[in-house]
Structure formats: C-alpha cells, structure tokens
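Student: Could we go through the labels used for this model and ask what stands behind each one?

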Amino acid sequence: MTAASYADDVNDFPTAARADYVFGCMKANGETRQALDQCSCSVDVVASLLPYDRYVTAETVLSMAQVPGTLGGQFRSSEQATAALNELRRAQAEAEVRCF
C-alpha cells in the first residue's frame with residue numbers, strides 16, 4: 001500500500017461531512033476560534049479511528065432513535081445499533097481527550 005492510498009483510506013470522510021461535524025461541534029461548544037480549532041481536531045481524530053461508513057451508520061442510528069414508536073425503538077434497542085453508537089462514542093471520547 002502506498003502512502004497516498006493509506007492516506008485516502010484513513011481520511012475517507014468527505015469534506016461536507018467534516019464541515020457538518022465541525023458546525024455541530026461549534027454550536028455545542030461556543031462559536032469561537034478556539035472551538036473551531038478544537039472541533040476541527042475532533043473530527044480528524046474521529047475520522048482516524050472510525051471509517052466513514054461506520055460513522056454514517058452511527059449517525060443514522062442516532063437520528064432514527066429519536067423517531068417515536070416501534071420504528072425508533074428498533075434503533076434504540078438493537079444490538080447492532082448499540083454497537084455502532086458505542087464505537088462512535090469511544091471515538092468521540094478519544095477526540096475529547098486529545099482536542100479539548
């Protein structure tokens with residue numbers, strides 16, 4: 001594997017997904033220059049620990065778990081959904097330690 005292909009594999013988050021993450025993070029952490037730096041660092045850490053497809057899965061679970069009723073319940077209680085969320089939360093906790 002060449003260095004360029006490894007970088008592509010490690011950094012498979014599209015720019016729009018990174019920007020969306022940073023915007024949401026800044027909203028939660030203050031819209032300051034420091035928050036921009038910390039949130040940019042955070043998305044880089046998450047992207048280095050979690051492939052984009054698994055990130056999308058976890059984000060989908062988070063979104064769908066908010067749906068009331070049976071449909072949302074499937075996302076709140078399934079083993080796969082819980083595993084996806086746990087993986088995302090571990091990556092975000094590592095990002096918190098490294099960046100904030």
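**Cysteines and their labels**

Tutor: Let's start with Cys-41, which counts as partly exposed because its relative accessibility is 29%; buried means under 20% relative accessible area, exposed over 50%, and partly exposed in between (1.4 Å probe, protein chains only). This is a predicted model, where local features need pLDDT of at least 70, side-chain atom pairs count only at pLDDT 80 or more, and totals for chains, interfaces and linings use all residues. Residues are numbered from 1 along each chain as its sequence is written, and side-chain values use heavy atoms, with hydrogens and water left out.

Student: What makes Cys-41 and Cys-99 a disulfide?

Tutor: Their sulfur atoms are 1.9 Å apart, and a disulfide is a pair of cysteine sulfur atoms within 2.5 Å, so the pair qualifies. Cys-41 lies in helix H3 and Cys-99 in helix H6 (residues 79-99), so the pair ties together parts 58 residues apart in sequence. Helices here are DSSP runs (H or I, at least four residues), numbered from the N terminus.

Student: Why is the Cys-99 end called buried?

Tutor: Cys-99 has 10% relative accessibility, so the buried label applies.

Student: And how do you know that Cys-25 and Cys-39 are joined?

Tutor: The S to S distance is 2.1 Å, and a disulfide joins them. With -75° about the S-S bond, this link of Cys-25 and Cys-39 is left-handed.

Notes. Helices (H or I, at least four residues) and strands (E, at least two) are DSSP runs, numbered from the N terminus.
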